[in-house]
Amino acid sequence: MKKSIVVSTPDAEFSALAFKEDFKDSIKKVADLGFNAVELAVRDPKSINIDETKAILANYALPVPAIGTGQAFGEEGLSFTDPDPDIRAQAVQRIKDQMDFSKEVGKAQVIIGLIRGIVEDDADLDEAEENFIKAMQECADYDPDIVLTVEPINRYETNLYNDLLSMKEVIDKIDRPNVKMLIDTFHMNIEEPDMIESILKVQDYISHVHVADSNRWAPGCGHIDFAKIIATLEEIGYDGAISAEILPEPDPDESARLTINCYKKLGL
Ligand code: LER
Ligand code: MN
C-alpha cells in the first residue's frame with residue numbers, strides 16, 4: 001500500500017489538510033518525510049498551472065493516487081443534487097475537467113465527496129438521488145478509463161450517503177464499472193456500527209482509503225484501531241493508497257511527521 005497524504009493545489013482551501021500553503025514546498029516536505037504518493041485537492045484544474053504541477057510532482061517522483069474535488073462545492077456551491085439544473089450541469093462539467101486533469105497525472109481516481117451536495121429540508125430525497133445517479137452516469141461514461149470514487153461522508157457534513165452500505169446501494173444503481181468507493185476512517189468512526197464488518201461487506205467496491213483518527217488528527221492521535229484496519233485491508237487484497245486527510249494539528253509539519261511515523265509503525 002502506498003503511503004500518501006493530501007496536499008492542496010494553490011486554488012483550494014480545506015481545513016482537514018496538513019499542507020495547503022506553498023505547493024512546491026509542501027511536495028518537497030512530503031517527499032523528504034518518506035511519503036511515496038500524494039493526493040491532490042483541486043478546486044478547478046483550469047485555474048492551476050498543470051505543467052508546473054506535473055514538473056514538481058515528477059521532480060520528487062510522487063504518483064497521484066486520487067484527486068479531491070470537494071472545494072467546488074465548499075467554495076462555489078457546485079453540486080450534483082442542486083435543484084437548479086444549471087448548477088448541476090456546472091458540477092458535472094467540473095468533474096469532467098477533473099477527469100481530463102487526471103489523465104495528466106497518471107489517471108488518478110477522481111473523488112466524488114461533497115460535490116454530491118446536501119439536500120435541503122424541504123427538497124425531495126428521491127429526486128436528489130435521481131439527479132446524483134444521472135450525474136454520476138454522465139461522468140462515468142465521459143471517460144470509462146478514469147475511476148470515480150464516491151465517499152461516504154458523516155451526517156454532520158451531508159445528508160446524502162453517510163455510511164458504506166447506503167453508498168454500496170447507490171453504486172449498484174449507478175451501475176458503471178468505473179464507479180468505486182473511497183472509505184474514510186474519520187467518517188466511518190462516526191457512522192459505522194463496526195468499521196471492520198462494514199469494510200468486509202463492501203470489500204469489492206473499495207478503490208481508495210482516507211485516514212484520520214477519531215479527532216481528525218494524524219492516525220495514532222485518537223482511538224481508532226489502525227492496526228486492525230490495515231490488517232483487514234491486507235486480508236481483502238487492497239493494494240491502493242492510504243491517504244492522510246488530517247487537521248494540521250498540533251502544526252502542519254508535526255501532523256505529517258506523526259502520520260508517517262504511524263504508517264511506519266503499521267508496517268506500510
Ligand atoms: C473529503 O474527503 C472528506 O472527507 C470530507 O470530510 C470533506 O469535507
Ligand atoms: Mn475524506
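User: What makes the approach of Glu157 to ligand 1 a polar contact?

Analyst: In this predicted model, a polar side-chain atom of Glu157 lies 2.5 Å from an oxygen atom of ligand 1. A polar contact is a pair of N or O atoms within 3.5 Å, so this pair qualifies.

User: Which distances do Asp184 and Arg216 show to an oxygen atom of ligand 1?

Analyst: For Asp184, an N or O atom of the side chain is 3.1 Å from an oxygen atom of the ligand. For Arg216, the distance is 2.9 Å. Both values fall within the 3.5 Å cut-off, so Asp184 and Arg216 make polar contacts too. Taken alone, ligand 1 exposes 260 Å², and the protein buries 89% of that.

User: Which residues come nearest to ligand 1, and how is its shell divided by class?

Analyst: Ten residues are around the ligand, and Glu151, Glu157, His187, Arg216 and Glu245 come nearest. By class, the shell has five charged, three nonpolar and two polar residues.

User: Why is the pairing of Lys28 and Asp32 called a salt bridge?

Analyst: The closest N and O atoms of Lys28 and Asp32 are 2.6 Å apart. Side chains of opposite charge can pair when their charged atoms come close. Lys28 and Asp32 are separated by about one helical turn because they are four residues apart in helix 1 (residues 23-33). The structure holds 18 salt bridges.

User: How much space lies in the second largest pocket, and what lines it?

Analyst: The space there is about 180 Å³. Of the 15 lining residues, the closest to the centre are Thr81, Asp82, Pro83, Ile118 and Val119. Helix 5 (residues 125-142) gives the largest share of the lining, three residues. Sorted by class, the lining of this pocket has six nonpolar, five polar and four charged residues.

User: What makes the bond from Glu249 to Pro250 cis?

Analyst: The omega angle of this peptide bond is near 0 degrees. Pro250 sits in the loop between strand 8 (241-244) and helix 10 (252-265).

User: What is the phi of Tyr161, and where does this residue lie?

Analyst: Tyr161 has a positive phi of about 60 degrees, although it is not a glycine. You will find Tyr161 in the loop between strand 5 (148-150) and helix 6 (164-174).

Key: Residues numbered from 1 in each chain as written. Chains lettered and ligands numbered in written order. Predicted model: local features only at pLDDT ≥ 70, side-chain atom pairs only at ≥ 80, totals over all residues. Heavy atoms only, no water. 1 Å grid on protein atoms, 1.4 Å probe; cavity = no way out; pocket = protein on both sides within 12 Å on 5 of 7 lines; lining within 4 Å. Points joined across faces, edges and corners; volume = space filled by probe spheres on them. Helix = DSSP H or I, 4+ residues; strand = E, 2+ residues; numbered from the N terminus. Nonpolar A, V, L, I, M, F, W, Y, C, P; charged D, E, K, R; others polar. Near = heavy atom within 4 Å. Polar contact = N/O pair within 3.5 Å; in protein donor to acceptor, adjacent residues only side chain to side chain. Areas by Shrake-Rupley, 256 points an atom, 1.4 Å probe, with all protein chains shown as cover. Salt bridge = Lys/Arg side-chain N within 4 Å of Asp/Glu carboxyl O.
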